[in-house]
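These are my notebook entries on a single chain. I set down what I looked up, in the order in which I looked.

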Amino acid sequence: MGDIENDAAGQAEAEAGEDIPEIELIIKASTIDGRRKGACLFCQEYFMDLYLLAELKTIALKITTVDMLKPPPDFRSNFDSTPPPILIDAGVAVLENEKIERHIMKAVPGGHNLFVQDKEVAGIIENVYSKFKKMLIKKDELSKNSLVSQLTKISQHLQGKANRFLTGDTMCCFDCELMPKLQHIRVAGKHFAEFEIPSSLEALWRYMGQMYTLDAFTTSCPADQDILSHYKMQQGTKMSRREELETPTYTNSVPGPQ
């Protein structure tokens, strides 16, 4: 297993002798090199949640990647066949996504502040990923238009509220859930279905542009190549040797004003 970026703020506090708990999050490694961050949506979502808490210095965060194509013996013996994400708090492993989410909300210091109740936001982001997956399969105008319709609802919500984020001017669990999906839609949608998020969705692009400036997103974001590899494996294909040897790239540009 490999350790990657620890949050600098959380580490500094720990080194200064402050009594803050260390939370370890085990995430899936890249399916290309087995070391860097992989393209698991839930892994990135919880990485972002915990990173925000580490920035607030309520926890120290340790991130460990595991190559699930060749899991090390200690991982297999400790967790059997359970795939990441896995959260470890005070030596206790929390498995399964719903339990991890509940643990962050109820047991991790400061975590309850991330979990805002907002039925409107929950509703408009709920189906965006399933519509994207349907579009990847069908690649027709109907499925593309359905996805654009859902993205338009999100953009209209952001425009109407005039907030920096989905529920206000601070990030919450919904942002940590949505933005990794938007990145997958952007990178994989263009590659596999020639789909691009319309530049006319200005509020959505402003939101994405802002997220691209935040450490919580950029530190947790997988490379474009790892996102593509993730979907190629789902389709039963593999990256070419040339693609695997490419220097990792991270798409983060936004269109100019319309």
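Predicted model: local features only at pLDDT ≥ 70, side-chain atom pairs only at ≥ 80, totals over all residues.

Entry 1, Pro180. I began with the contacts of Pro180, where contact means heavy atoms within 4.5 Å. With neighbours within four places in sequence left aside, Pro180 is in contact with Leu41, Gln44, Glu45, Met48, Asp175 and Phe217. I noted that Pro180 and Leu41 are 139 residues apart along the chain, while their C-alpha atoms are separated by 6.2 Å. Pro180 belongs to helix H8. Its relative accessibility is 0%, so Pro180 counts as buried; buried means under 20% relative accessible area, exposed over 50%, and partly exposed in between, with a 1.4 Å probe and protein chains only.

Residues are numbered from 1 along each chain as its sequence is written, and side-chain values use heavy atoms, with hydrogens and water left out.

I found 12 helices and five strands, both being DSSP runs numbered from the N terminus (helices H or I, at least four residues; strands E, at least two). The radius of gyration is 18 Å, close to the 18 Å that the globule rule gives for 258 residues, so the chain is as compact as a globular protein of that length. That radius is taken over C-alpha atoms, and the rule is 2.2 Å times the number of residues to the power 0.38. Along the principal axes, the C-alpha atoms fill a box of roughly 55 × 45 × 30 Å. Buried residues make up 50% of the 258 residues. Of the contacts with a separation of 6 or more, 73% are accounted for by residues 24 or more positions apart.

I took a core as a set of buried Ala, Val, Leu, Ile, Met, Phe, Trp, Tyr and Cys residues joined through side-chain atoms within 4.5 Å. The largest such core has 71 residues, and Leu50, Leu204 and Tyr207 have the most contacts inside it. Helix H8 (residues 173-193) gives the most to this core, with 11 residues. Another core lies apart from it and has six residues, among them Ile26, Val66, Phe75 and Ile88. I then listed partners of Leu204 beyond four places in sequence, including Leu151, Ile154, Leu158 and Leu182.

I located Ala216 in helix H10 (residues 215-218). With 1% relative accessibility, Ala216 counts as buried. Residues up to four places away not counted, Ala216 touches Met48, Tyr51 and Leu52. From Ala216 to Leu50 the C-alpha distance is 8.7 Å, across 166 residues of sequence.

I found a cis peptide bond joining Pro84 and Pro85, with omega about 10 degrees. Pro85 sits in the loop between helix H3 (73-79) and strand E4 (86-89). Lys139, in the loop between helix H6 (128-138) and helix H7 (141-161), has a positive phi near 55 degrees although it is not glycine. Lys139 counts as partly exposed, at 42% relative accessibility. Glu194 also has a positive phi, of about 55 degrees, and is not a glycine. Glu194 lies in the loop between H8 and helix H9 (202-211), and is exposed, with a relative accessible area of 72%.
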